[in-house]
Amino acid sequence: MAGVAALLADDFALEDPVVKRIEGKQPALAAIGAIFAGCRALSFQAKRVYADGDTCFIEFTLDLDAVRLQGVDIVEWRDGKMHELRAYLDIPKG
């Protein structure tokens, strides 16, 4: 988590369909840790990455154990740090 923490601005905000919106570096790190702590197998594949100025879009596939998620992350950068990450996911139902 130290590597992730180094990328985040102190006022970092995380938004996704599960956690809704979390503001602040430490609360976001706690939420990210909780999401991945229970996983035995994790695989992230960036399919396409687009960048325009301080904004990038990452189209991805994320496998968490037996669950496959597909989505897009929109990342806003400022002064070399992530200021905001908004994740849009196709969450399996049922």
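This is a predicted model: local features need pLDDT of at least 70, side-chain atom pairs count only at pLDDT 80 or more; totals for chains, interfaces and linings use all residues.

Analyst: His 83 has 21% relative accessibility. Buried needs under 20% and exposed needs over 50%. His 83 therefore counts as partly exposed.

User: Where does His 83 lie, and which residues does His 83 touch?

Analyst: His 83 lies in strand S6, residues 81–90. Leaving out residues up to four places away in sequence, His 83 touches Ala 9, Asp 11, Phe 12, Ala 13, Glu 76, Trp 77 and Arg 78.

User: What makes the link between the side chains of His 83 and Arg 78 a polar contact?

Analyst: The distance is 2.7 Å. The cut-off is a pair of N or O atoms within 3.5 Å. The two side chains make a polar contact.

User: Why is the pair of Phe 44 and Phe 60 called stacked?

Analyst: The ring centres are 5.3 Å apart, and a pair needs centres within 6.5 Å. The planes stand at 25°. Planes under 30 degrees apart count as stacked, so the pair is stacked. The structure holds one aromatic pair.

User: How do you know that this pair links distant parts of the chain?

Analyst: Phe 44 is in strand S3 and Phe 60 in strand S4, 16 residues apart.

Key:
Residues are numbered from 1 along each chain as its sequence is written. Side-chain values use heavy atoms; hydrogens and water are left out. Rings of Phe, Tyr and Trp (its six-membered ring) pair if their centres lie within 6.5 Å; planes under 30 degrees apart count as stacked, over 60 as edge-to-face and the rest as tilted. Helices (H or I, at least four residues) and strands (E, at least two) are DSSP runs, numbered from the N terminus. Buried means under 20% relative accessible area, exposed over 50%, partly exposed in between (1.4 Å probe, protein chains only). Contact means heavy atoms within 4.5 Å. A polar contact is a pair of N or O atoms within 3.5 Å; within protein, one must be able to donate a hydrogen and the other to accept it, and residues adjacent in sequence count only if both atoms are side-chain atoms.
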